[in-house]
Every structure is written in structure tokens, then in C-alpha cells.
Amino acid sequence: MTKNTTLLSFILLFIASFAYSQNNTNGVKIGVVGLNHDHVHWIFRYVKDGSVNMVGIVEPNQELAKRFADRYGFSLDIVYPDIESMLDKAKPDAVTAFNPIKEHLDVVEACAPRGIDVMVEKPLAATLKDARKIEALAREHNIHVLTNYETTWYDSNHKVYDEVHKQASVGELRKVIVRDGHEGPKEIGVSEEFLSWLTDPDLNGGGALIDFGCYGANLMTWLMQGEKPESVTAILKSIKPNVYPKVEDEATVVVNYPKMQGIIQASWNWPFSRKDMSVYGSTGYVHALNANDMKIRKAGEKEQELSASASTFSYEDPFSYFTDVVMGKVQVQANDLSSLENNMTVMEILDAAKRSAKSGKTIYLK
């Protein structure tokens, strides 16, 4: 090999390394806990293109780990049987949790004393009691604990927020209706590993209420700028007890504020998947139909259709946002959709909804 060839090879290697580092979300090392949540496929898209630097995976199910390794091309050498082993050997800067909701507390208990930031899939915890333990650990050890919702990355939702609070185009909030869900996890064909705990009242904390009611509570709290409701009234039903014998598959929750009423409709019985929101003000309304499409009607005007393909929110995915939080490039505000403060209120609403449904009474919050 000539000196010129060697030099050229070195230059090409340097360019490739530089390009990778620029696309590697600034080199933040991410640990992944759990492969039995079907949302975990989301992060592997970013691992594949180099924008997420995944250094370790916790998955005791070797068969499941091998299935993912074969699909996404990573070495089983980075798979560990427990979180302590992964933290000790892979030394991640931050951790994302894709495991049963009940085990979110375990993740935070392992990461918090080490000063490692955590992002969990929605909701924050299986119970309010666990959520309060997570909150205490985060405060004690000064770490971020974020909660990821798919709807956080919908431009339409951020456009709704702008219309309500920045443009004030629909007047004071009067009613918010959030509808989330699908035909049912078994009906849409989720993985067996996911289904096994998603329909377990202990591991998931409930059924459709927890799985999809959390979206409405999250968006409602955000639109109300962190204000907690006065009361919560809920009806939970099992329309398909032969399919989901342990948990509810239908939930309707009324979240009451002094001058606004919120309605959360969470279901495993919709005829199709949906994540949409209707917001009514004193002078108009705005509907977020999906991630981009919207309808709006202001006082004195006809209804208009519009696209929210671009919004004031600069992030399109949870992983670039999380890494920027870890690096201190962005400060999490109390009312942010992913914030611990917002999601503690979410957990209070979900807990009150469970108690309301069980007792048949309205639950009044302090």
C-alpha cells in the first residue's frame, strides 16, 4: 500500500467517523431496558440510521433478544439479563424503558442513585403509589424522568395549543374531548410478549384506561397549563370479557375543572385506530384529526381545513429530545408533555378514575 493510498484511506475514515458522530445525537450513550413492549421498534429505527447510540439492552428472554438481534443486526454481546449488569458494563448516559409499566419503578430505582436520566413509555407508572416513589427518587438524585407519548410529536396538537394559548383564536376553554385507542391489542396483532403484560392488571395497572386514557389526561393537563381538576368521574366496562377477562376494554372519564369540562374516551373497541382531539372554546373550536390534519372554526368564520405539517415545536421524535435534555441543551418545563410534573397529575387523574369506577362515585381531588 502506498503512502498516498494510506493517507486517502485515513482521510475517508476520518470523514466517515466525523459524519457518524454528527449524526449520532452528540454521542449520548443510551441503554434500552426491555424488548417486550412493541413501541421499542421505534427506537431501533433511529439506532439503524445512527442517530441513537445504543450501548446496552436489558432483556432476560434470550429468544426474544435473538429475534431482535436478527432483525436489527446488533450483537447479543450488548444484551444483559438485568439492569444492574447493563449499567455496570455498558455505562449508559441515559436509559429508555420499554418494559411493563409496573417495572418502571425498578428502572428508576436502579438509575437514580447513579445519576442516570430515564425516559419511560407512557404512562409514568402502574399506580399512583409507584409514581410518587419515582418522583421522590428523581428529586432526591436530581435526574430527569420523562414520559414518552406518541401524541407529543404530533404537529397538530402543538398547533391546537398555539391556537388556544398563543393566538387565543377560540376563546376560553370550555370542553376538550380526547379519543384514543384501536380495535384491541389482540385484534390488531400485538406481539405475544407485549399482550401478556398489557392485559395484566398488575403489570400494566389496568386495561384500556391505562393504555389509552393516559393520552387524554396528558393532553388535558397540558392544555390546562398544569391546573389540576376539581373532580374525576369514570365508567369502565368489559365489552369483550372473553378476550380480556382481567381488565376493562372501555373507559370514559369526565375530568372537571372550574370553567372547563374534559372528556377522555379510551377504548379497545374502536372500529379503527385513532388519536384525535376536539377543543371547544367560548368563541370557536379546533379539531386535531391526526398527526397533521386539522379543522378550525373561529367566530364569524366558516370551518377551515388545514395541515399542521410544521409547528412551533422543534422536535419530531422522543429520542432527539431526550438526548438534548440529557446534554442540557433543552430545559424541561413543568407543563411540558413529557415532564414529571405533568405526568404526576396524569397519574392522579388515572388513580381517581379507577377509584370512581370502583365506587360508582365522583372523586374529588384536593
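## Model confidence

The mean pLDDT of the protein chain in this predicted model is 93, and 92% of the residues reach 70 or more. Residues 1–25 are set apart by a pLDDT that stays under 50. For that stretch the model has 16 contacts beyond four places in sequence.

## Packing of α6 against α12

Helix α6 spans residues 128–141, and helix α12 covers residues 340–359. Their axes come within 9 Å and cross at roughly 165°. Because angles over 145 degrees count as roughly antiparallel, α6 and α12 are assigned to that class. The crossing of α6 past α12 is left-handed.

On the α6 side, the contact involves Leu128, Ala131, Arg132, Glu135, Ala138 and Arg139. These residues meet Leu340, Glu341, Met344, Met347, Glu348 and Asp351 of α12. Sorted by class, the contact holds 6 nonpolar and 6 charged residues, with no polar ones.

## Packing of α7 against α10

Helix α7 contributes Asn157, His158, Val160, Tyr161 and His165 to the contact, while α10 supplies Leu219, Trp222 and Leu223. The contact of α7 with α10 comprises 5 nonpolar and 3 polar residues, and no charged residue takes part.

## Thr221 in helix α10

Thr221 is located in helix α10. Its relative accessible area is 1%, so Thr221 is classed as buried. Beyond its neighbours within four places in sequence, Thr221 is in contact with Gly226, Glu227, Tyr257, Asn335, Asn342, Thr345 and Ile349.

## Pro318 in helix α11

Pro318 belongs to helix α11, which runs over residues 318–326. With a relative accessibility of 0%, Pro318 is buried. Residues up to four places away in sequence aside, Pro318 touches Trp42, Met119, Asn148 and Trp153.

Pro318 can also be placed relative to Thr147, from which it is 171 residues apart along the chain. The C-alpha atoms of Pro318 and Thr147 are separated by 9.3 Å.

Gly31 is part of strand β1, residues 29–33. The relative accessibility of Gly31 is 0%, and the residue therefore counts as buried. When residues up to four places away in sequence are not counted, Gly31 touches Gly56, Met86, Pro92, Ala94, Val95 and Thr96. Between Gly31 and Tyr285, which are 254 residues apart along the chain, the C-alpha separation is 42 Å.

Ser307 is placed in strand β14, which comprises residues 304–307. A relative accessible area of 48% makes Ser307 partly exposed; the buried class would require a value under 20%, and the exposed class one over 50%. Ser307 and Leu35 are 272 residues apart along the chain, and their C-alpha atoms are separated by 35 Å.

## Backbone features in loops

The peptide bond from Lys122 to Pro123 is cis, with omega near -15°. Pro123 lies in the loop between β5 (117–121) and α6 (128–141).

Asn142 has a positive phi of about 55° although it is not a glycine. Asn142 is found in the loop between α6 and β6 (145–148), and its relative accessibility of 71% places it among exposed residues. A positive phi, of about 50°, also occurs at Ala168, likewise not a glycine. Ala168 is situated in the loop between α7 and β7 (173–181). With a relative accessible area of 53%, Ala168 is exposed.

Conventions: Residues are numbered from 1 along each chain as its sequence is written. This is a predicted model: local features need pLDDT of at least 70, side-chain atom pairs count only at pLDDT 80 or more; totals for chains, interfaces and linings use all residues. Side-chain values use heavy atoms; hydrogens and water are left out. pLDDT is the predictor's confidence in each residue, from 0 to 100. Contact means heavy atoms within 4.5 Å. Helices (H or I, at least four residues) and strands (E, at least two) are DSSP runs, numbered from the N terminus. Buried means under 20% relative accessible area, exposed over 50%, partly exposed in between (1.4 Å probe, protein chains only). Ala, Val, Leu, Ile, Met, Phe, Trp, Tyr, Cys and Pro count as nonpolar, Asp, Glu, Lys and Arg as charged, and the others, Gly among them, as polar. Axes are lines fitted to C-alpha atoms, for helices over the stretch in contact, and angles run from 0 to 180 degrees between N-to-C directions. Angles under 35 degrees count as roughly parallel, over 145 as roughly antiparallel, 65 to 115 as roughly perpendicular and the rest as oblique. A crossing is left-handed if the near helix is turned anticlockwise from the far one by less than a right angle, and right-handed if clockwise.
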